[in-house]
Amino acid sequence: MSALIPALIAGAVVGLALGALGGGGSVLAVPALIYLLGFTPAAATTAGLIIVTATSLTALFAHARAGNVRWKAGALFAAAGLLPAAAAGAAASRLPQPVLTAAFAVVAALAAVRMLRPGRTATGPAAGEARAARAAGTGAGLGALTGLLGVGGGFLAVPALVTVLAFEMRAAVGTSLLVISANSLASLATRGATTAGVDWAVVGPFTGTAILGAWDGKRLAAKVTGPLLRRAFAVVLLAVAAFMLVDALT
């Protein structure tokens, strides 16, 4: 019972972030599972994937109904990153964890700074419709970074979709959820029987409130202007980057 309230609160925050910002699920869920709920890092990673998969699929459905998902570019983006992510993940096992954590913090901070800069955004009917080659190339690069640095697909996907592929912020959020869902499902499939040891008494309520939070996040995103949503996302990115950098250096 003592773990139930922290699980419910953490789930609501994770769902709100995914629904409103299209990212942040794993980056928020895994530390919550470790520091608040006492999971080991390995168990937290598996549980985090379950939570993020269910929540991302729910948020994806909500954003798809609102027309915020660019399916063709998003599918290419996600598919192009699967093999690079697997290869980079194998390389990451040979690197010290503090180095990987610090590297992710630096990448997240750079993405946040780029999003805070005034930039040119595509407008008109074709806004956010990226060319196939550009979507695939960017997705492959993102997959390699995600595989090498661990969690953070959404935190890296949204800035990439906005700054590299010129997606409007709401389209980037919706399409990022497609990428997160694909990557999370693929990661879960490779884990197989490791999900058998998951503490469902904690993960179940966590996932339930995260799903409810995702719907609230989607409604919040619909009421907030694109530039404000973009700045909010960048600020959250900077905060996560600072926390991870301090954790890597201590």
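Here are some questions and answers about this predicted model.

Reader: Hello! How many helices and how many strands are there in the chain?
Author: Glad you asked. Going from the N terminus, the elements run α-α-α-α-α-α-α-α-α-α. The count for the chain is therefore 10 helices and 0 strands.

Reader: What percentage of the contacts with a separation of 6 or more comes from residues 24 or more positions apart?
Author: A contact here means heavy atoms within 4.5 Å. Among contacts with a separation of 6 or more, residues 24 or more positions apart account for 85%.

Reader: What span does helix α10 reach from its first C-alpha to its last?
Author: Helix α10 covers residues 226-249, which is 24 residues. At 1.5 Å a residue the expected value is 34 Å, and the helix comes close to it with 35 Å.

Reader: Which residues of α10 are buried?
Author: A handy thing to keep in mind is that an α-helix has 3.6 residues a turn, so residues three or four places apart point the same way. Buried means under 20% relative accessible area. In α10 the buried residues are G226, L229, R230, F233, A234, L237, V240, A241, M244 and A248.

Reader: Is the pair of Y35 and F243 stacked or edge-to-face?
Author: A search of the whole structure finds 2 aromatic pairs. The ring centres of Y35 and F243 lie 6.4 Å apart with the planes at 80°, and planes over 60 degrees apart count as edge-to-face, so this pair is edge-to-face. The pair links Y35 in helix α2 (residues 25-36) with F243 in helix α10, 208 residues apart. To return to the class you asked for, the pair is edge-to-face.

Reader: Is Y35 buried or exposed?
Author: The cut-off for exposed is over 50% relative accessible area. Y35 has 53% relative accessibility, so Y35 counts as exposed.

Reader: Which helices hold F61 and W215?
Author: F61 and W215 form an edge-to-face aromatic pair, 6.3 Å centre to centre with 75° between the planes. The two residues are 154 residues apart, with F61 in helix α3 (residues 41-65) and W215 in helix α9 (residues 200-223).

Terms used
Residues are numbered from 1 along each chain as its sequence is written. This is a predicted model: local features need pLDDT of at least 70, side-chain atom pairs count only at pLDDT 80 or more; totals for chains, interfaces and linings use all residues. Side-chain values use heavy atoms; hydrogens and water are left out. Helices (H or I, at least four residues) and strands (E, at least two) are DSSP runs, numbered from the N terminus. The expected span of a helix is 1.5 Å times one less than its number of residues. Buried means under 20% relative accessible area, exposed over 50%, partly exposed in between (1.4 Å probe, protein chains only). Rings of Phe, Tyr and Trp (its six-membered ring) pair if their centres lie within 6.5 Å; planes under 30 degrees apart count as stacked, over 60 as edge-to-face and the rest as tilted.
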